[in-house]
Amino acid sequence: MIMLESCTSLLVLGLGRSGRAVAASALDRRRFPALERIMIVDEKDTPELRALAKTLDVEVRLGVTSIAEGAHFDLGVLSPGLPPANPLTRSAQRCCDELISELEFAWRIAPATQQWIAITGSNGKTTTTMLTAHLLNAAGRSAAAVGNIGEPVTDIICAGTAVDFLVVEASSFQLEYTTSFAPQAAALLNITADHLDWHGSLENYARAKLKIFAHQRPGALALAWAGDPFYGRVAAPGLVTVSLSEHEAPALYVKEGVLWDGEERICRVDELPIAGEHNILNALFATGLARSAGLTPAQIAAGLTSFTAPPHRLEFVAEVKGVRYIDDSKATNPDSVRAALTAFPPGVVHLLLGGRGKQTPYEDLARAARGKLRAVYLFGEEAPVLATAFPEAAGSYPDLGTAVRAAAGAARPGEVVLLSPACTSFDEFDSYAQRGDFFAELVRGLEER
């Protein structure tokens, strides 16, 4: 492992938020007293990136697809947007003594006294991260929700913001390149087929997710869901099980409609402001993480019942002519959609599916959805692929707007139009948030008719 105080050369791959955060941190001589060279490279070369590069006091090279033969760097920090098979990633592995993620970098520069809570999983990361931070802050602790949720961890550490707990949403991309990251409390919510285009296989993806526990020290907490197919692979000594039914201790579970942490009653399920079985699990995970931080059951119950769901996660948009419109744009894989459907009674949902695919199969979603949906509407790049799993779809549409109008025309009072697309947004939008906002605008347009 490269020691930061002896690092003389640093390669930063990617000029996004995480890359800029790493470069800014490296300019601090207190952390990198021996550093002689910092270079940032990015595959893209756009007017926006050129303008940004001029504002940085480091060497920047744009339009780079491979590091030159013979180049050498002590340490490389990789953008989460670059998969292992990318030529730029492979050339960085050749020329860097060590290649790590921004999350690993942040771990190395953080004060030894900093408390870390880390959360990963295919579905529910953002909700659980926000919920855990909310529980801590509501109980008088100071906590920041960072990482894949938005703000790079490095930024908050370099800003010198003193918080009791960093609550980190950790993606598989970030965990793939960790070598010493050891949070005091960690949660693996679930592992389902996702990001196979980045990792190459489900096995590689699962291995990256499981790294959240790989370096934990004695006494650290590890939470995992008993119903996950990879549950048996969790080897952490501090394992506590999360379950939707009563489970052998140590465990967090549901019994007779009540959330329990061992023998401690937390609150009733029907008191939670977030719906669906997946959100019950999210609440249990957040409970376990908050208990590890010293919160009492009463403090946790107060926080759980006062929580507001994050945007674009089963977010109520409006009711128009008796039809409810729900934005679940953050559901970018099939299992996330399956979880969302548990929040509604059978036969009322008009489901909007589509966008850009991630090479994930849809057959399990189709089987689970049959009998639960009123109708399904396919849109975007992935519509032809989705049509093989959903031959009964009401129609395939070139874009989201056309699909929404079709669903709105068919839905009747008491029914739901649900945007829960199972795909990324990148065929039509810059992000799932932009897609969700566009959906809300369309719905507001329906209200005005």
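Two strands are taken to pair if DSSP finds at least two bridges between them. In this predicted model, strand E10 (residues 221–225) and strand E11 (residues 239–242) pair in the parallel sense over 4 bridges, and the bridge partner of Ala-224 in E11 is Thr-241.

**The open sheet**

- An open sheet of 9 strands, with mixed pairing, runs in the order E7-E8-E6-E9-E10-E11-E12-E13-E14.
- Its edges are formed by strand E7 (143–147) and E14, each of which pairs on one side only, and from one strand to the next the twist averages 20°.
- Helix H5 packs on this sheet, where it touches strand E6 (115–120), E7 and strand E8 (165–169), and its direction makes about 170° with that of E8.

- Because 5 of the 5 residues of strand E1 (residues 9–13) are buried, the strand is largely enclosed by the rest of the structure.
- Ser-9, Leu-11 and Leu-13 point one way from E1, whereas Leu-10 and Val-12 point the other way, and all are buried.
- E1 pairs with strand E2 (residues 37–42) in the parallel sense over 5 bridges, and within this pairing Val-12 stands opposite Ile-40.
- Between E1 and E2 the chain crosses through helix H1 (residues 17–26), and this β-α-β crossover is right-handed.
- E1 also pairs with strand E4 (residues 73–78), again in the parallel sense, over 4 bridges, with Leu-10 standing opposite Leu-75.

**Helix H11**

- In helix H11 (residues 297–305), the buried residues are Pro-297, Ile-300, Ala-301, Gly-303 and Leu-304.
- Seen down the axis of H11, these buried residues fall within an arc of 165°, so they line one face of the helix.
- They pack against helix H5 (125–138), strand E13 (258–261), strand E14 (264–268) and helix H10 (277–292).

**Helix H15**

- Leu-400, Gly-401, Ala-403, Val-404, Ala-407 and Ala-408 are the buried residues of helix H15 (residues 400–410).
- Down the axis of H15 they lie within an arc of 160°, and they therefore line one face of the helix.
- An α-helix has 3.6 residues a turn, so residues three or four places apart point the same way.
- The packing partners of the buried H15 residues include strand E16 (323–327), strand E17 (349–354), strand E18 (373–379) and helix H16 (432–447).
- At the start of H15, a side-chain oxygen of Asp-399 comes to within 3.4 Å of the backbone nitrogen of Gly-401.

Definitions and conventions:
Residues are numbered from 1 along each chain as its sequence is written. This is a predicted model: local features need pLDDT of at least 70, side-chain atom pairs count only at pLDDT 80 or more; totals for chains, interfaces and linings use all residues. Side-chain values use heavy atoms; hydrogens and water are left out. Buried means under 20% relative accessible area, exposed over 50%, partly exposed in between (1.4 Å probe, protein chains only). Helices (H or I, at least four residues) and strands (E, at least two) are DSSP runs, numbered from the N terminus. The arc is that of the directions from the helix axis to the C-beta atoms. Contact means heavy atoms within 4.5 Å. A crossover is right-handed if, with the strands pointing away from the viewer, the path from the first strand over the helix to the second runs clockwise. A polar contact is a pair of N or O atoms within 3.5 Å; within protein, one must be able to donate a hydrogen and the other to accept it, and residues adjacent in sequence count only if both atoms are side-chain atoms. Axes are lines fitted to C-alpha atoms, for helices over the stretch in contact, and angles run from 0 to 180 degrees between N-to-C directions.
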